[in-house]
Amino acid sequence: MPTPVILDCDPGHDDALAILLAAANPAIDLLAITTVGGNQTVEKCTINARRICSVAGITGVPIATGAAEPLLGSLHIGEYVHGVSGLDGPAWGEPTVQASAEPAVDLIVRLLRDHPEPITLVPVGPLTNIALVLKTHPELIPKIREIVLMGGSIDRGNDTPYAEFNIKVDPEAADIVFRSAVKVTMCGLNVTHQALATPEVLDRFRALDTKLGDLCVELLTFFSASYLRTWGFTSPPLHDPVAVARVIDPSLVECIDAPVVIETMGRYTAGATCVDLHHLSGEPDNTLVAVKLDTERFWDLMIEAVASYA
Ligand code: BDR
Ligand code: CA
């Protein structure tokens, strides 16, 4: 039986490929795509989700717009990585797939309440929508099978020296999610940096010789320039699909149990994920922390997904 999943995202180049993977792989029953302000404003992220679904022909999955701002303060966007549109690179036409009128949090709540089985939430942007669901509807926590998220890091950050972007945008929301009773798997930078879109990977997308294969090359070429300019990476890491891959086949992403708490107050470190690898704090293990990616099988899965749109 495929796993029922809600993908909560802020497309975003790597989010776009996460959508393609989640919608294509038969191990996932994609119930909804919800958006959140992060890489760009939430309005732009919703347009981008509609764009990618339109180009790929993903028509049966509702797209709902979520939180425009973090729980506290104002939104800090990732334009320096994803461009003015949030999905710069390709020349986009007018999207044909429409967004739902139902707000994202309402849609998630309704699906959790009505779906016969517990649902896996896969947040790959800031955690604002998910925290709002947990806070406003604690009675639905047993209906969440698990949360498998992209965010945080065992090592250093990317948006600030110690904070990864998704957690940094809304540390209070992340704090709510990591302190919740739900099983949380954290796919942080330490593991997503093992998913590098090398020139060989780009060649594999190119060799598909399909509209979607070429689109992935265009997206990854823009993303590559951002990563070279900002962090000196010669190949960009494809963060968000790693969380989707963990849901599809847990053996692709090796995890360890550890206590994780979120730094919300630090003057220089707000948004850092404090991962107690050596159990020094006495805090209970609350997170499955991803440590190792089967890179080869990950790329096979990703290429296979994109090929299926031909
Ligand atoms: C995360 O931030 C965004 O730029 C990406 O979409 C990814 O979810 C990586 O830090
Ligand atoms: Ca993202």
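Select α1 and α10 to begin: His13, Asp14, Ala16, Leu17 and Leu20 in α1 meet Leu212, Cys216, Leu219, Leu220, Phe222 and Phe223 in α10. "Meet" here is a matter of contact, meaning heavy atoms within 4.5 Å. Helices are DSSP runs of H or I with at least four residues, strands are runs of E with at least two, and both are numbered from the N terminus. Sorted by type, the residues of this contact of α1 with α10 come to 9 nonpolar, 1 polar and 1 charged. For that sorting, Ala, Val, Leu, Ile, Met, Phe, Trp, Tyr, Cys and Pro are nonpolar, Asp, Glu, Lys and Arg are charged, and the others, Gly among them, are polar.

Before you go on, know that this is a predicted model, where local features need pLDDT of at least 70 and side-chain atom pairs count only at pLDDT 80 or more, while totals for chains, interfaces and linings use all residues. Residues are numbered from 1 along each chain as its sequence is written, chains are lettered from A and ligands numbered from 1 in the order in which they are written, and side-chain values use heavy atoms, with hydrogens and water left out.

**Stay on α1**

Now look along the helices. The axes of α1 and α10 cross at roughly 155° and come within 9 Å. That makes α1 roughly antiparallel to α10. Axes are lines fitted to C-alpha atoms, for helices over the stretch in contact, and the angles run from 0 to 180 degrees between N-to-C directions. Angles under 35 degrees are called roughly parallel, over 145 roughly antiparallel, 65 to 115 roughly perpendicular, and the rest oblique. The crossing of α1 past α10 is left-handed; that word applies if the near helix is turned anticlockwise from the far one by less than a right angle, and right-handed applies if it is clockwise.

Helix α1 (residues 13–24) packs with α2 at about 45°, their axes 10 Å apart. That makes α1 oblique to α2. The crossing is right-handed this time. Show Ala16, Ile19 and Leu20 from α1, and you'll find them meeting Ala49, Ile52, Cys53 and Ala56 from α2. The residues of this contact are 7 nonpolar, no polar and no charged.

Click on glycine 12, which sits in the loop between β1 (3–9) and α1.

**The calcium ion**

Which protein atoms hold the calcium ion (ligand 2) as donors? Pick the ion and you'll see Asp10 (OD), Asp15 (OD), Asp15 (OD), Val124 (O) and Asp240 (OD), lying 2.3 to 2.7 Å from it. Donors are N, O and S atoms within 2.8 Å of the metal (3.2 Å for Na, K and Ca), and water is not among the atoms, so sites may look incomplete. Along the sequence, the donor residues are spaced D-x4-D-x108-V-x115-D. Distant parts of the chain are linked here: aspartate 10 is in the loop between β1 and α1, and valine 124 is in the loop between β4 (119–123) and α5 (128–136), 114 residues apart.

Is aspartate 10 buried or exposed? Aspartate 10 is buried, as is valine 124. Buried means under 20% relative accessible area, exposed over 50%, and partly exposed in between (1.4 Å probe, protein chains only).

From Asp240, select the whole of α11 (residues 240–248): 9 of its 9 residues are buried.

**Leucine 127 and α5**

Go to leucine 127, in the loop between β4 and α5. At 2% relative accessibility, leucine 127 counts as buried. Beyond its neighbours within four places in sequence, leucine 127 is in contact with Leu149, Asn166, Ile167, Ala173, Ala174, Val177 and Phe178. Carry on into α5, where Thr128, Asn129, Ile130, Ala131, Val133 and Leu134 are buried. The buried residues of α5 pack against β1, β2 (28–35), α4 (104–114), β4, β5 (144–150) and α7 (171–179).

**Last stops**

Select α9 and α12 (residues 295–307), which pack at about 25° with axes 10 Å apart. α9 and α12 are therefore roughly parallel.

Finish with two residues that have a positive phi of about 55° without being glycine. Aspartate 209 is one of them, in the loop between α9 (199–208) and α10 (211–231), and counts as exposed at 65% relative accessibility. Histidine 279 is another, in the loop between β9 (273–275) and β10 (287–293), and is partly exposed at 41%.
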